[in-house]
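Biologist: I would like to learn how to read a model with several chains. Please take the features in turn, with the general idea and then the case at hand.

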Amino acid sequence: MSALLAVSELRAGYGAVRVLHGVDFSVDEGEVVVVLGANGAGKTTTLRAICGMIDGQGRVELAGRQILGRKPEQNAAAGIAHVPQGRGTIVDLNVVENLRIGAYTRGDKEVDADIERWLSVFPRLGERRDQQAGSMSGGEQQMLAIARAMMARPKLVLLDEPSLGLAPIVTQMLFRTLGDLNREQGVSMLIVEQNANLALGIATRGYVLETGTIVTSGSAAELAGNDEVRRAYLGI
Amino acid sequence: MSLFLTQLMNGIGNGAIYASLALALVLIYRTTGILNFAQGEMALYSTYLFWYFTDRGLPVIVAILLTVVLSFIGGAVIERVVIRPVEKSSPLVLVIVTIGMFLALNSIVQVQFGSDIKTNLPRAYPRHVWRPGDVQISTDTLVLVGVLILECLVLYLLFQHTKLGLAFRAVSSNPESSRLAGVPAGRMLMLGWALAAALGALAGCLIIPTLGLQASSMQSILVFSFAAAALGGFDSPVGAVVGGLIVGVAQSLTTQYIKSLSDIVLVVPFALILIVLMVRPQGLFGSRRVERV
Amino acid sequence: MNHRGRDRRGASNSLRALALCTVLALAFAACGSSRRSGNTTGNTGASTPGGTTPIVDTSNCPAGQDSVGVSGNTITLGTSLPESGLYAPFTAILKGERSYFNYLNAQGGVEVPKGSGKKYQIKLVDKDDAYDAARTVTNVNSLINDTKVFSLFNVVGTKNNLGARDTVNSDCVPDLLIASGAVQWGNTKFPWMLGSELVPYPLEVRVFVDYLKKNKPNAKIAVLKANDDFGQSYAETLTELIKGTNLTVVQTQGYDPESSDVKSAVTSLAATKADAFLLGATLLACPNALTAMGDAGWKPIVYMSGTCVSKLLLGAAGKNADGLLTVTPLVDPADPGNASLPAMQLYMQQVKKYSDADATDGIVAYGWTTAALMARILENSPKLTRSSVMETARNFKDGKGIGLELPGATWDTSATDWFLGETFQLITYDATAGHTKPLGPLVNLDGKTAELSPQSLLHS
Amino acid sequence: MTSRRQLQMIGLAASIVALVVLSVIPHLTSATDTQRWAQALYIGMAAMGLNILTGYNGQVSIGHGAFFGLGAYTTALLMHQHGWQFLPTLLVSAPLCFVVGVLIGFPALRVKGLYLALVTLGLAVLFPDLTKHYVHVTGGTNLVALNRTELEPPQWVPTWLSAIGRDDQWAYYVTFALTVVLVIATYLMVRSRFGRALIAVRDHEAAAETVGINAARIKVLAFGLSALYAGLAGSCSVLVDHLANADKVQTFQLSIKFLVAVVIGGAATVIGPLIGAGIVVGLQWFISEVLPRHLGSIGILKRTLGNPAASPAIFGILLILFVFVMPDGIVGGLRRFWARLMSGRSGAPPPTPAPLTT
């Protein structure tokens, strides 16, 4: 079957500075794909090019249709949810309002039901439902960002370094939840991360990105076993 | 005592106008992050449109509605054509663009509609003054305050209880995350400018029949509205309304009770701003984030 | 200041008395210790009334400049007025001026001196100063040095002319018919400045004080004045003229001339329940003040500045303007009663022919009449030189049948009377009829302006 | 030689050429044009001052017309009422404006960004009212007009510098000399520790504090200096325009002119504001003088381009188009063009745009 997301020869950058020099990878239905890479490898640029925040060249197909060059709001409507680096919390809105904005592109009646569901999946959010999002802790804001992304009932969720700035136990709880979502609800995910072992723990496949090009790829187990990867990203 | 109450009513009447324009300024600040110097002249252009329609014999209510709708569209067009291209550049450039619009609109009005004074603009409501116990209460003041309350109600309902309003607030707070959630940020910016233009048009259509229309009608009103918006805290609509009323009342009470300042009454709003900002640099209701230009 | 109102709904509008200059900016407060505070004697200008020695001393004028601005059969005149910005409505003056000069040139031009058969075309060069005194100075320098005009004509604004006063008097260029009713043009140290036929403000206050002395001798007076030299001159003159009478000023309120919101100020004045109300205001502040007066149920004897006399402004005040007193030096072009006057018919015909201006607008009538006055001064000058024309203007006796002046009005100057426009008509406004009506005989205060003006103002 | 060094050489050469041309202007043009050039110079001086505050230090002010007025009135009153010569009055107007600037600077510390712009607007709106209240000189108005004898150059001035009958040359050369002094002062200041501190406080006040920069002192000094420049410009305007005057519209228009000159010239550059001032004054002269004369007679244009009432509209629209095309002003734009040119030719990785402080 065709890949849910197929990226080929993707080049992108900021003005005169080129970051991605032709990247190819894909994400199939129900998969969790991880892209590992150090700082400046081009991880965030990849996600931003895919969802249309920055211009890029090459081909990015969502379920067979080219989406490169379309505006972020159009790609969101097409089913791509993006949890940006630093969580992108809308600080002036409260928790419920943040979730409701997540469902902006949906027209159906079940939005309110979904809000209650996600508040139960993340009980801490449930306790703070009317609190200003800006006044919550980093971990809570990360949960809110993921819940907001899920509110759009997306085909594919892009996550940009969800572990950034979170306490270890919070990160573990976060990745466990992501794993559950994938297994129980079949949510396909593309996670860009530096924290390799947690990411690989829930991933089906992965790639390693260095200075704008894919250097190695393989199943989660292969990557976990690969010496280079282990030395570079697992710190063992 | 009746004199005090009368002057209070005068102050509240003026304050309602300053509040409406200050609301418009706050809307634009929250979406584009700048002080719109052209807000007064945009309201002036709308008011000349209103005069033009009534001069063509349109009934007053129709003329007001038509003016407000056209101003709404005009505000959106201005954002799309004039503001969007420079939206990413430095705040200084945006200040220059609004100053450019300020100069252009005032002059275009005179070339297009003639620079002579227009008086006897037809009124949407009969002008009547009651004098219970020597306290003057005029329909002008009541209508101005009524319209202000209506504006606040409409904005409150729009922002708190509609999907569009929620999207607008999301974009004002974090445009990037909103776009990632599928909210068309561009259209929200246009909405902000459109609402501001419509508010300015409504304020113009209501105050001008009482004051008479000429090219400089809006200039001193705008200075007081700036003061009102700053007093209330630039990013808070509630602050704009409260600020407007405070400035209006302070102005008329100074004229009455502080003779020495009466001929430089403009010192009042600015003194108020300085005092408040000394205590709370982000204004009465503003949030800390406001400081950066 | 009255404006033309193109009321396309056809109703004949805007009774336009002119007296606009005041609106611009003019008389000021007293004091201001000027180093060379004027001593009226020993100046170069004035001379013995015998008229033998010239009034205008040309001893220290630059040589060879006396007939600059005359080339072939064309006399070049220069003017500076606001044509852009907030005071752009005054371009109506220019339209009136140009209509008259085009009409005159079509008739062959002005004959200088009268009866000599030598006719000259008049060319008027206008420059925009947006009512900023610094730009007026630059314009005047450019008109004198680059355009090389024969004389300045109808330059608008008190501060604008005061700014150019030194240049004009050092270069000996006539600054004729200044569009401002300020009294500084009577300062004998500056002989090259002559005010136009507009009514100087002290005379208005004199008429009001006389009226009160007759009808309400111990009236309490409330004053609303614009916060500039224009408003200040009303307040200043009033305090001088009521000395020795039992008229008293009970309260004075100032307002910002650039805003027309005077509600709070008038509410405060109304609370004094004064018997008389002097309204030294202009533009929209007049009707707004009258409306606020009506709101407070205050019914004093009202004197309103002549600059506000226009059907547009009075109409805006409606019944609150009923019975108010004011003055006008010209016949009103908007009053159908005057349509039959031959001078009015000529004016109406020519303005329609030569400009797109609204002939019923008093400002256009003022521009037309002042241009006619300029031509008359040129005709009376024995020689076509700056000094001769200035001398003629300082000793002008032929002030009859010029333009739209009131029948019986005399405009003249002499060695001791440096003001032209000192005859005018006291009028009252009849709200039901919708236009003004004359009140009593023509007021002739010829030669009285100097003594009535606050001395510090006259000589500063 | 790196492209940065080349750029600076070109900058220096251009400045010298400008210096020579500007020094002979009075002998090439009529008195009125010389006056217009002098006006461009004093607007440039005030814009350079505002640039220190807004360009280098990031504090936006739209009220510097008030400091300009303070300088003008100080000089005019000293000359008109106390018979002073022009140059000595600078010794009073400059320090006075500096002190007032510093006094305004203190409250400005607590007031930031937008609010500061507004408080300075209050300054520009209130100053004319204060002069109307306390100054009654020429004809009792708040106008202070000076006559030729008061404006005459002192004896020691060589006659070619002030041709008799054309005192505008003396006014021009004084303004020109002061402008050159201020350009050099700005050039040195921007290179000094104070200059770098200005930029540090602008870019990140908190970080600047951590490295020991007393941000408050720097911001107050920036206010004082900018007021000093504006005051000097005001004093020169008395010599050039023969008067000191203040009206609400005029003071506000002046403040806008300074800000426009800084932005279209190039904020945070030394020469930018001066070039910007030349463009502003030249543009306004062209629109209000040349266009009406030539287009005034042609039918449809009579009501639009040729109609003087339309001149602010033309200026406003051109202003907007200018910042569309060159958001970082002429000098900024040229520098970017130069960087692109250099990167195209030398093939080396494009140098990051030259630091702002050339």
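**Reading the chains**

Modeller: Chain D has 15 helices and 2 strands. The model is predicted. Chain A, by contrast, contains 10 helices and 10 strands.

Biologist: What radius of gyration would a compact globule of 358 residues have, and what does chain D have?

Modeller: A compact globule with 358 residues would have a radius of gyration near 21 Å, and chain D agrees, at 21 Å. Along the principal axes, the C-alpha atoms of chain D fill a box of roughly 65 × 55 × 45 Å.

Biologist: How does the radius of gyration of chain A stand against the globule rule?

Modeller: The rule gives 18 Å for 236 residues and chain A has 17 Å, which is close, so chain A is as compact as a globular protein of that length. Its C-alpha trace spans about 45 × 40 × 35 Å along the principal axes.

Biologist: What percentage of the residues in chain A is buried, and what percentage in chain D?

Modeller: A residue counts as buried if 20 or more other C-beta atoms lie within 10 Å of its own. Buried residues are 47% of the 236 residues in chain A and 54% of the 358 residues in chain D.

Biologist: What share of the contacts joins residues 24 or more positions apart in chain A and in chain D?

Modeller: Taking contacts with a separation of 6 or more, such residues account for 66% in chain A and 75% in chain D.

**A sheet and a helix**

Biologist: How should I read a sheet, and in what order do the strands of the open sheet in chain A lie?

Modeller: Strands of a sheet pair through backbone hydrogen bonds, either parallel or antiparallel. In chain A, 4 strands form an open sheet in the order β2-β1-β4-β5, with antiparallel pairing. Its edge strands, β2 (17–27) and β5 (65–66) of chain A, each pair on one side only. Strand β1 (residues 5–14) of chain A is joined to β2(A) by 8 bridges, and A:Ala6 stands opposite A:Ser26 in β2(A).

Biologist: Which strands does helix α1 of chain A lie across?

Modeller: Helix α1 (residues 43–51) lies across β1, β2 and β4 (56–62) of chain A, and runs at about 75° to β2(A).

Biologist: Now a helix in chain B. Is α4(B) largely enclosed or exposed?

Modeller: An α-helix has 3.6 residues a turn, so residues three or four places apart point the same way. In α4(B), 20 of the 23 residues are buried, so the helix is largely enclosed by the rest of the structure. Helix α4 (residues 91–113) of chain B reaches 33 Å from its first C-alpha to its last, close to the 33 Å expected at 1.5 Å a residue. After α4(B) comes B:Gly114, whose phi is positive, near 85°.

**Between chains**

Biologist: How many residues do chain D and chain B bring to their contact?

Modeller: Chain D brings 38 residues and chain B 37 residues. On the chain D side, α4 (86–110), α5 (113–134), α11 (248–265) and α14 (311–325) of chain D give two or more residues each. The most come from α5(D), with 12 residues. By class, that side of chain D has 27 nonpolar, 7 polar and 4 charged residues.

Biologist: How many residues of chain A are in contact with chain B?

Modeller: 20 residues of chain A are in contact with 15 residues of chain B. On the side of chain A, α2 (72–78) and α3 (95–102) of chain A each supply at least two residues. That side divides into 11 nonpolar, 4 polar and 5 charged residues.

How values were computed
Residues numbered from 1 in each chain as written. Chains lettered and ligands numbered in written order. Predicted model: local features only at pLDDT ≥ 70, side-chain atom pairs only at ≥ 80, totals over all residues. Contact = placed C-beta atoms within 7 Å. Nonpolar A, V, L, I, M, F, W, Y, C, P; charged D, E, K, R; others polar. Rg over C-alpha atoms; globule rule 2.2 N^0.38 Å. Buried ≥ 20, exposed ≤ 12 C-beta atoms within 10 Å, placed from the backbone. Expected span 1.5 Å × (residues − 1). Pairing = 2+ DSSP bridges. Axes fitted to C-alpha atoms, helices over the stretch in contact; angles between N-to-C directions.
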